[in-house]
Amino acid sequence: NQINGTIPTELRTMTNLEYLSLTDNQSIGTIPTELGTMTNLEDLSLSDNQINGTIPTELRTMTNLEYLSLTDNQSIGTIPTELGTMTNLEDLSLSDNQINGTI
């Protein structure tokens, strides 16, 4: 696709959504903290975009999330320790970013 612009915060109103993929678009900006309210989401893929900024700690409230992919973006900073509380998370993909620090 060629979806561009920022990720809309209004996505948070889709409370029953379980799968969201915006992979391989031209999305820019940061990951909205409001996505953390999407507690039924099991799969979130935002790979291959131009997303920048840090990974929001608010994602820790996505208690059903099993798969999170932010590969090939321009994210910076460290991996939030809060992601460690996501007990259902099985697959975390953060390659090809500007993330640093220890795991």
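Which residue in strand 3 does Gly5 stand opposite? Gly5 faces Ser27.

This is a predicted model, in which local features need pLDDT of at least 70 and side-chain atom pairs count only at pLDDT 80 or more, while totals for chains, interfaces and linings use all residues. Residues are numbered from 1 along each chain as its sequence is written, and side-chain values use heavy atoms, with hydrogens and water left out.

**Strand pairing**

Strands are DSSP runs (E, at least two residues), numbered from the N terminus. Two strands pair if DSSP finds at least two bridges between them. Strand 1 (residues 4–6) and strand 3 (residues 26–29) run parallel, joined by three bridges. Strand 3 also runs parallel to strand 5 (residues 50–53), through two bridges. Here Ile28 has Gln50 of strand 5 as its bridge partner.

**Strand 7**

Strand 7 spans residues 74–77 and includes Ser75. Gln74 lies in strand 7 too. Buried means under 20% relative accessible area, exposed over 50%, and partly exposed in between (1.4 Å probe, protein chains only).

| Residue | Relative accessibility | Class |
|---|---|---|
| Ser75 | 1% | buried |
| Gln74 | 42% | partly exposed |

Contact means heavy atoms within 4.5 Å. Leaving aside neighbours within four places in sequence, Gln74 contacts Gln50, Ile51, Asn52, Gly53 and Asn97. The C-alpha atoms of Gln74 and Asn52 are 4.6 Å apart, although 22 residues separate the two in sequence. With residues up to four places away not counted, Ser75 touches Ile51, Asn52, Gly53, Asn97, Gln98 and Ile99.

Note on methods. Helix = DSSP H or I, 4+ residues; strand = E, 2+ residues; numbered from the N terminus.
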